[in-house]
Amino acid sequence: MLSRIRQEIKLVRLLVSDKRTPTLARLLLWLAAGYLLLPFDIIPDFIPVLGQIDDIIIIPLLVGLAYRIIPEELVREHLRQLQTMRR
């Protein structure tokens with residue numbers, strides 16, 4: 001699972017740096033990264049259950065929305081690039 005997360009992070013970095021990625025998708029990916037790195041949350045962690053799961057919901061939601069906007073061929077191209085880098 002950790003290798004899958006690493007690959008996903010690398011894919012996001014490639015997509016954000018690619019000029020062919022739509023601006024809205026780039027913005028969503030930056031928001032997801034920022035939300036992950038910021039020391040505060042929309043729902044504070046001291047609220048039982050909701051405080052802990054907001055990261056689990058918000059970040060994948062933002063990334064998923066971005067992936068829907070990005071052309072599939074562009075995502076596949078970068079996935080192929082990652083696979084050749086691993087060899």
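User: Why is Asp18 called buried?

Analyst: In this predicted model, Asp18 has a relative accessibility of 10%. Buried means under 20%, so Asp18 counts as buried.

User: What makes the pairing of Asp18 with Arg20 a salt bridge?

Analyst: The closest N and O atoms of Asp18 and Arg20 are 2.8 Å apart. The criterion is a side-chain nitrogen of Lys or Arg within 4 Å of a carboxyl oxygen of Asp or Glu, so the pair qualifies.

User: Why does Arg20 count as partly exposed?

Analyst: Arg20 has 47% relative accessibility. Partly exposed lies between the buried limit of 20% and the exposed limit of 50%, and Arg20 is therefore placed in that class.

User: With which residue of helix α4 does Arg20 pair, and what does the pair tie together?

Analyst: Arg20 forms a salt bridge with Glu77, with the closest N and O atoms 2.7 Å apart. Arg20 belongs to the loop between α1 and α2 while Glu77 belongs to helix α4, so the bridge ties together parts that are 57 residues apart in sequence. Glu77 is partly exposed, at a relative accessible area of 28%.

User: What makes Glu73 and Arg80 part of a network?

Analyst: Their side chains meet in a salt bridge at 2.9 Å, N to O. Salt bridges with shared partners join Glu72, Glu73, Arg76 and Arg80 into one network. Glu73, at 40% relative accessibility, counts as partly exposed, and Arg80, at 42%, likewise counts as partly exposed. The structure holds 6 salt bridges.

User: How do you know whether His78 is buried or exposed?

Analyst: The relative accessible area of His78 is 5%. With the buried class set at under 20%, His78 is therefore buried. His78 is located in helix α4. Leaving aside neighbours within four places in sequence, His78 is in contact with Leu11, Leu14, Leu15, Asp18 and Arg20.

User: Why is the approach of the His78 side chain to that of Gln81 called a polar contact?

Analyst: The two side chains make their contact at 3.2 Å. A polar contact requires a pair of N or O atoms within 3.5 Å, one able to donate a hydrogen and the other to accept it, so this pair meets the criterion.

User: What places Thr21 in the buried class, and which residues touch it?

Analyst: Thr21 has a relative accessible area of 2%; the limit is 20%, so Thr21 is buried. Thr21 is found in the loop between α1 and α2. Not counting residues up to four places away in sequence, Thr21 touches Leu15, Arg26, Ile70 and Leu74. A polar atom of the Thr21 side chain lies 2.6 Å from the backbone oxygen of Leu15.

User: How do you know that the span of α1 is close to expectation?

Analyst: α1 has 16 residues and reaches 23 Å from its first C-alpha to its last, against the 22 Å expected at 1.5 Å a residue. Within α1, Gln7, Leu11, Val12, Leu14, Leu15 and Val16 are buried. Their cover includes α2, α3 and α4.

Conventions:
Residues are numbered from 1 along each chain as its sequence is written. This is a predicted model: local features need pLDDT of at least 70, side-chain atom pairs count only at pLDDT 80 or more; totals for chains, interfaces and linings use all residues. Side-chain values use heavy atoms; hydrogens and water are left out. Helices (H or I, at least four residues) and strands (E, at least two) are DSSP runs, numbered from the N terminus. The expected span of a helix is 1.5 Å times one less than its number of residues. Buried means under 20% relative accessible area, exposed over 50%, partly exposed in between (1.4 Å probe, protein chains only). Contact means heavy atoms within 4.5 Å.
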